[in-house]
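Hi everyone, thanks for coming. Let me put the sequence and the model up on the screen, and then we can walk through it together.

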Amino acid sequence: MKEIKSALEEKRRFLSERATRIRTAGIPALQQLILVGHTDTGGGREARALLTALYAP
């Protein structure tokens, strides 16, 4: 039983740390995509299309 609790705690800790790493890396990446999306280049069009696809309802 202790082994199961230990494994569950380890999994919870891993998921928590993973979520923190994703937020830490993801927010700056999203901000960069937004900046690129404001340009009048092919990359800007692609960034706008990606953001629209991700966040459109």
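Let's begin with His38, which counts as exposed because its relative accessibility is 64%. For that scale, buried means under 20% relative accessible area, exposed means over 50%, and partly exposed is in between, using a 1.4 Å probe and protein chains only. You'll find His38 in the loop between H1 and H2. Helices here are DSSP runs (H or I, at least four residues), strands are runs of E of at least two, and both are numbered from the N terminus.

A quick word on the ground rules. This is a predicted model, in which local features need pLDDT of at least 70 and side-chain atom pairs count only at pLDDT 80 or more, while totals for chains, interfaces and linings use all residues. Residues are numbered from 1 along each chain as its sequence is written, and side-chain values use heavy atoms, with hydrogens and water left out.

Now to helix H1, residues 2-37. How far apart are its end C-alpha atoms? They are 51 Å apart, which agrees with the 52 Å that its 36 residues should span at 1.5 Å a residue; the expected span is 1.5 Å times one less than the number of residues. H1 also has a kink of about 25 degrees at Gly26, shortly before the proline Pro28. That bend is the angle between axes fitted to the seven residues ending there and the seven starting there.

How do H1 and H2 meet? Their axes come within 7 Å and cross at roughly 125 degrees, with axes being lines fitted to C-alpha atoms, for helices over the stretch in contact, and angles running from 0 to 180 degrees between N-to-C directions. So H1 is oblique to H2: under 35 degrees is roughly parallel, over 145 roughly antiparallel, 65 to 115 roughly perpendicular, and the rest oblique. Among the residues making the contact are Leu30, Leu33 and Gly37 of H1, and Ala47, Leu51 and Tyr55 of H2; contact means heavy atoms within 4.5 Å.

Let's finish on helix H2, residues 42-55, where Ala49 sits. Ala49 is partly exposed, at 44% relative accessibility. Its C-alpha is 8.6 Å from that of Gly37, twelve residues away in sequence, and the C-alpha atoms of Ala49 and His38 are separated by 12 Å. Tyr55, also in H2, is exposed, with a relative accessible area of 57%.
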